[in-house]
Amino acid sequence: MARIGVFVCHCGENISATVDCGKVAETIGKLKHVVLSTEYKYMCSDPGQTLIKEAIKEHNLTGVVVSACSPRMHEPTFRKACAEGGLNPYLCEMANLREHCSWVHEKNELTTEKAIDIVRTQVEKVKLNSALQPIKVPVTKTAMVIGGGIAGIQAALDIANTGHKVVMIERSPSIGGHMSQLSETFPTLDCSQCILTPRMVEVAQHPNITLYTYAEVESVEGFIGNFTVKVRKKAKSLDEKLCTGCGLCTTKCPQKKIPNEFEQGMGMRPAIYIPFPQAVPNRPVIDREHCTYYIKGKCKICEIVCPTKAIRFDQPDEIIELQIGAIVAATGFDIKHADFFPEYGYGRYKDIIDGLQFERLASASGPTSGVIKRPSDGQIPKNIVFIACAGSRDPAKGIAYCSKICCMYTAKHAMLYKHKVHEGKAHVFYMDIRSGGKNYDEFVRRAIEEDHVNYIRGRVSTIYERNGKLIVKGVDTLLSSMPVEIEADMVVLATAGVANSGAEELAQKLHISYDSHKFFAEAHPKLKPVETNTAGIFLAGACQNPKDIPDSVSQASGSAVKVAALFSQNELTREPLVAVVNRMGPPLHSTCVGCFLCQAVCPYQAIEREDIKTRDGKVLKSLAKINEGLCQGCGTCVALCRSKSIDLHGYSNNQVYAEVVALLNEY
Amino acid sequence: MSDFEPKVVAFVCNWCTYAGADLTGTSRLKYASNVKIIRFPCTGRIDFMLLLKAFANGADGIIVSGCHPNDCHYTSGNFHAKRRWIMFKELMDFMGIDMNRVTFSWVSAAEGAKWAEVVNETVTRIREMGPYVSYKELVNKTIEEEVKNE
Ligand SMILES: Cc1cc2nc3c(=O)[nH]c(=O)nc-3n(C[C@H](O)[C@H](O)[C@H](O)COP(=O)(O)OP(=O)(O)OC[C@H]3O[C@@H](n4cnc5c(N)ncnc54)[C@H](O)[C@@H]3O)c2cc1C
Ligand code: SF4
Ligand code: FES
């Protein structure tokens, strides 16, 4: 026999001002199986909770309904109180009398009647609640960091320093990401390589970190604490144990005309190459797409010159399988290139370049050794135009968002140019200057006031070539939209930051959400910025949206803490509000007929196939089976199931039916 | 007819509309007290047979509401709900249930004001339509007949 206790809260006067709490308690007290119905000023206070704990013992309660505020607010509080009073916490329900009643209706009889209906509904529901035990799942204490940019590097080092194992997967031949391409960094103008390289080396040497470069995630299965990840190690065509990284092969390779990705196409590299001098690991890979041997079937010069005989032309891709407890996605971003802009000539003009190309020109290790020379003829530009918001904040181009970093790096670029070409003129076209951040606005001011960069507020409508000059036409909106025309030698576009290539495929493998621009989605825009909606998978860096280095690093450390917190437990406890497929004795075993339609709708791949077999292994019946670790309890399968064989703890068919009936009928 | 107080049941998901209705409360926006909410984890959990049960038990109107497309907490529950709803709507229509008695809408956790609008608009509409007895009678009659035939 059910013995239900009901506690009606006044919430100070928040509820009692419009709802007659006394009447609610009295009416509910007359319901069948309600052995206690009482009211109190603040149920969530200590004495209020004690009231529940004592009543559970005194009245031997089998269910509790706290009629107070929203369960989204205090359900955990009261479930905990019940547990402390000796009642299974899942035998406690809340009736929402505040947000859904007292706060939204006038003081009158109807409001009190509604309150009674709400409480009665929960009383009928709680009678059908079952005592549930939290689900315990083991935790594999190895993290995987996908992407070896600054965000991934920071996350990996932070996790590794808590004493846990980390596997880092980087798809290019070296870690470092975009930061390794930068010349100097705002707002301090310190050399990017100088602050980055030591961290890259630290990753490679850390005893807790295993680094796989030239590798990509092939598939992800499982759930928080228990992922199985398959990784494809692309063939480097090299025995890494034998290679000493002497680089002789890269100098002898006859195929030397491949656009160098690291230099943003402004230099050439051979088919066997180390992406940049400070690369980690400092070993070459063969780019099979461009290698003469793979194209024509002969060459093998690198094999001949290699002093340690490390070249392996027949090396296959290798698939390795790893057991992982938590994943940090840190796959970064990319930028739009000049060919995205019809108004600026679709990338036809050699001297219209993007921000990353300018970084390479300004970099001491770049193709021009840090001298700003324009690509067409190697001349030093005397007049240079920077265009901010190229593509960003432009719904017509499909990119309505602000790329956040461009205002700052444009100021940096203009400044670097002025530092290198003293007599040169730098102009910046901008929409607004967005320089929120520590010492950021001061930085932009320095560009304007000390380095005399000419900031023009307005958009550039078109650029065309005339007598070897790039004519930049725009307006100055601060001078009542006066047309402006500048004869430039070179133009730098601060193009929009966009999601990295392959982001969508990876998100689908990880089962995490992404937005319409294919940036990975956080679980909550304010309160869960590093979590994803898949438990155990976290975000770091520009894969979430374009961001600068300090933000990427902070977020990486944030996700590392989340991983460390997860790894501080040997077992995870999860809410047991999951789906179950009914089971019974033979010959039926279950009302499930094995149609597996539920498998197709489950967003978490939580539904497995279970074969009922005879002793000699003959399959009698195939049933759906819910993996408790994966099920998130959405209940989509429950509503879909044609034979009503699946039910959801906490929202069972019987419970919701009882609620509908109780809500509409007075007892 | 002026003293007719419609009974409206709202089937809502926990993550968007329930939270949105919480926000209506926190913002102290007032709406008709005729609506009572039943919480589901997700619209994907809503078995539309429950709508029939609600009508059979005397509901005059029903609201079904969850997260906007693409915002479902479980990524796709609302799409499945929407698909099933398109089928079920046809069926209900075929059965002679006046579909004007059902409101299907998306209310996010930030749309407290929208929730009040959805409720008020539905209650006003149902109030004009009057009490819904035909389905209840139909159900009761069939049961009575069945009992008689046994
Ligand atoms: C022109 C320009 C100038 C800038 N200047 C500054 C500055 O001065 N100061 C500043 O603070 N910020 C600056 N930034 C921003 C800075 O580049 C970023 O904040 C930083 O690079 C973000 O780091 P990340 O690790 O998130 O991404 P990334 O640097 O993009 O690194 C991502 C890594 O993940 C790898 N990866 C991608 N996909 C996969 C996959 N599927 N599997 C495995 N690996 C993958 C990539 O190969 C890469 O190594 C600038 C940006 C630009 C474009
Ligand atoms: S309740 Fe949702 S998450 Fe759980 S098995 Fe069913 S469809 Fe999958
Ligand atoms: S959680 Fe709101 S519709 Fe799925």
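Analyst: Across the interface of chain A and chain B, the rule finds three salt bridges, a salt bridge being a side-chain nitrogen of Lys or Arg within 4 Å of a carboxyl oxygen of Asp or Glu. In one salt bridge, the side chain of A:D117 meets that of B:K36, at 2.7 Å from N to O.

Before going on, a word on what you're looking at: this is a predicted model, where local features need pLDDT of at least 70, side-chain atom pairs count only at pLDDT 80 or more, and totals for chains, interfaces and linings use all residues. Residues are numbered from 1 along each chain as its sequence is written, chains are lettered from A and ligands numbered from 1 in the order in which they are written, and side-chain values use heavy atoms, with hydrogens and water left out.

Back to the meeting place. Between chain A and chain B, 17 residue pairs are in polar contact, both residues at pLDDT 80 or more. (A polar contact is a pair of N or O atoms within 3.5 Å; within protein, one must be able to donate a hydrogen and the other to accept it, and residues adjacent in sequence count only if both atoms are side-chain atoms.)

Which elements does chain A bring along? Those giving two or more residues to the side that touches chain B are α3 (71-84), α4 (98-102), α5 (109-127), α17 (636-640), β34 (646-648) and α18 (653-664) of chain A. Helices here are DSSP runs of H or I with at least four residues, strands are runs of E with at least two, and both are numbered from the N terminus. The largest share, eight residues, comes from α18(A). By kind, the residues on this side of chain A split into 19 nonpolar, 14 polar and nine charged. Here Ala, Val, Leu, Ile, Met, Phe, Trp, Tyr, Cys and Pro count as nonpolar, Asp, Glu, Lys and Arg as charged, and the others, Gly among them, as polar.

Now step back to the whole interface. Here 42 residues of chain A are in contact with 44 residues of chain B, contact meaning heavy atoms within 4.5 Å. Together the two chains bury about 3,700 Å², with 58% of it on carbon and sulfur atoms; buried area is the accessible area (1.4 Å probe) that two parts lose on being put together, summed over both. A:R72, A:W103 and A:L664 supply 19% of the area that chain A buries against chain B, more than any other three residues.
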